[in-house]
Every structure is written in C-alpha cells, then in structure tokens.
Amino acid sequence: MTEEQFIEIKDEYLKNMKNALLEEGNIQPIITIFGNDLKENKPSIVHIPLPEKIANSDDGKQMFMDHIVPELSKKINEKFKIYAVGWASEAWMRESHVDDFDPEVDNYKKLPIKKEILILTIDREANTESYIYEIIRMSVSPTGDIVEDIELREMPELSKNYGTSEGRFSNLYKKFTA
C-alpha cells in the first residue's frame with residue numbers, strides 16, 4: 001500500500017464512519033485494519049466489529065483486548081500486511097476540573113456526563129491520528145424517543161490531545177503487529 005493509497009482509503013473510511021452514525025443514529029464499535037492482502041497483493045481493509053455484549057462492559061472490553069486481539073492478530077498477520085489500525089466508537093465524555101479528580105483514587109464513572117462523542121483513531125507505526133466529534137442529537141419526540149436528526153461538531157483541541165492518551169484501545173497498531 002502506498003501512502004497515496006492509504007490516504008485515499010483512510011479518507012473514505014472516515015467519511016463512511018461519520019455517515020454511518022448520521023444515517024443510522026449510532027455505530028457499533030469497530031476496529032479496522034488497513035493494509036495489503038498478501039495473497040492478492042493489493043490494498044484492503046478488514047472490519048472487526050465488537051459484539052454488543054463485549055462492548056457494553058469494562059470486563060468484556062478488557063477480555064477482548066487481552067485474549068481475542070492477540071488471537072485475531074495472529075490470523076490477520078498470516079494473510080495481511082498491516083499498514084494502520086483504526087478504531088471507531090461512540091463514547092460519553094465526562095469532565096472535571098483538574099483539582100477535583102485524582103485518577104489514582106477517584107472513579108471516573110462518578111463524573112457527570114457532559115457530551116456524547118464519536119471517536120475515530122488511525123494508529124500507525126509512526127503516529128496516531130485522532131478525530132473527535134461531539135454528537136448533537138437535534139430533537140426528541142413527544143414520546144421521549146430520539147429523532148435522528150444528528151449533527152457532528154468537530155472538537156479539534158480534543159482530537160489533537162486524544163492521540164497521546166492511553167487506554168485499552170490505544171496503540172492498536174502495536175497490539176496487532178507485535
């Protein structure tokens with residue numbers, strides 16, 4: 001895969017992930033492998049959706065990363081030369097003043113939810129690109145159902161800083177190529 005091919009595929013991926021959320025109202029958390037199919041020697045992608053049962057629990061996500069990703073990475077590397085690994089997920093963003101929260105002691109889940117966000121990352125050997133969008137759901141019906149009129153608002157400052165953060169879904173390139 002050339003750099004030009006990667007940029008073209010990456011841009012299409014980012015557009016498709018955002019459109020999926022806008023059209024469907026949500027997206028299933030998904031890992032995407034960008035690389036070359038070794039048999040056909042051409043650029044390809046592989047999508048690995050996280051089942052809802054796994055994605056909706058901390059224990060499930062940790063089990064996925066500790067046990068399933070190492071097995072998947074062996075299988076994928078047999079047939080694929082990995083160029084980059086993407087991660088797409090919705091999340092709740094919680095906020096606190098720096099003096100009011102100690103990550104060593106405090107439970108982040110007790111912080112108030114401030115925003116719903118879409119996280120898109122592209123992790124490569126040399127760097128990680130992050131794209132964070134606030135999900136703004138425009139209206140609620142009289143019955144309380146969400147009317148899927150959604151806007152995505154870029155969060156450039158958070159996008160810039162997110163790639164340097166550590167979490168279970170960070171450094172996916174290393175986790176799939178180790």
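**Figure 1. Surroundings of Asp123.** The side chain of Asp123 reaches the backbone nitrogen of Tyr173 at 2.7 Å, a polar contact, that is, a pair of N or O atoms within 3.5 Å in which, within protein, one must be able to donate a hydrogen and the other to accept it, residues adjacent in sequence counting only if both atoms are side-chain atoms. The model shown here and in the other views is predicted: local features need pLDDT of at least 70, side-chain atom pairs count only at pLDDT 80 or more, and totals for chains, interfaces and linings use all residues. Residues are numbered from 1 along each chain as its sequence is written, and side-chain values use heavy atoms, with hydrogens and water left out. Asp123 belongs to strand E4 (residues 113–123); helices (H or I, at least four residues) and strands (E, at least two) are DSSP runs, numbered from the N terminus. Asp123 is buried and has no salt bridge. Buried denotes under 20% relative accessible area, exposed over 50%, and partly exposed the range in between (1.4 Å probe, protein chains only). A salt bridge is a side-chain nitrogen of Lys or Arg within 4 Å of a carboxyl oxygen of Asp or Glu. The nearest side chain of opposite charge to Asp123 is that of Lys174, 7.0 Å away; Lys and Arg count as positive and Asp and Glu as negative, whereas His and the chain ends are not counted. Apart from neighbours within four places in sequence, Asp123 is in contact with Ala84, Val85, Thr128, Asn171, Leu172, Tyr173 and Lys174, contact meaning heavy atoms within 4.5 Å.

Figure 2. Helix H1 comprises 22 residues (3–24) and reaches 31 Å from its first C-alpha to its last, close to the 32 Å expected at 1.5 Å a residue. The expected span is 1.5 Å times one less than the number of residues. Phe6, Lys10, Tyr13, Leu14, Met17 and Leu21 are the buried residues of H1. Seen down the axis of H1, these residues fall within an arc of 95°, so they line one face of the helix; the arc is that of the directions from the helix axis to the C-beta atoms. The exposed residues Glu4, Glu8 and Glu23 are carried on the face turned away from the buried side of H1. Gly25, with a positive phi near 90°, follows H1.

**Figure 3. The salt bridge between Glu129 and Lys10.** In the salt bridge of Glu129 with Lys10, the closest N and O atoms are 2.8 Å apart. Glu129 lies in strand E5 (residues 128–140) and Lys10 in helix H1, so the pair ties together parts that are 119 residues apart in sequence. Both Glu129 and Lys10 are buried. A search of the whole structure finds nine salt bridges.

Figure 4. Arg137 and Glu116 meet through their side chains in a salt bridge at 2.9 Å, N to O. This pair links distant parts of the chain, with Arg137 in strand E5 and Glu116 in strand E4, 21 residues apart. Arg137 is partly exposed, at 21% relative accessible area, whereas Glu116, at 15%, counts as buried. Glu90, Glu116 and Arg137 are linked in a network of salt bridges. In helix H3 (residues 58–79), Lys74 and Glu71 lie three residues apart, about one turn of the helix, and their side chains meet in a salt bridge at 3.4 Å, N to O. Glu71 is partly exposed, with a relative accessible area of 44%.

**Figure 5. Two asparagines with positive phi.** Most residues other than glycine have a negative phi. Asn41, although not a glycine, has a positive phi of about 50°. Asn41 is found in the loop between strand E1 (30–37) and strand E2 (42–49) and is exposed, with a relative accessible area of 61%. Asn171 likewise has a positive phi, of about 55°, and lies in the loop between helix H4 (156–162) and helix H5 (172–177). The relative accessible area of Asn171 is 26%, partly exposed.

**Figure 6. Pro51 and Pro29.** Pro51 is placed in the loop between E2 and helix H2 (52–55) and counts as partly exposed at 39% relative accessibility. Pro51 and Pro29 are 22 residues apart in sequence, and their C-alpha atoms are 8.1 Å apart in space.
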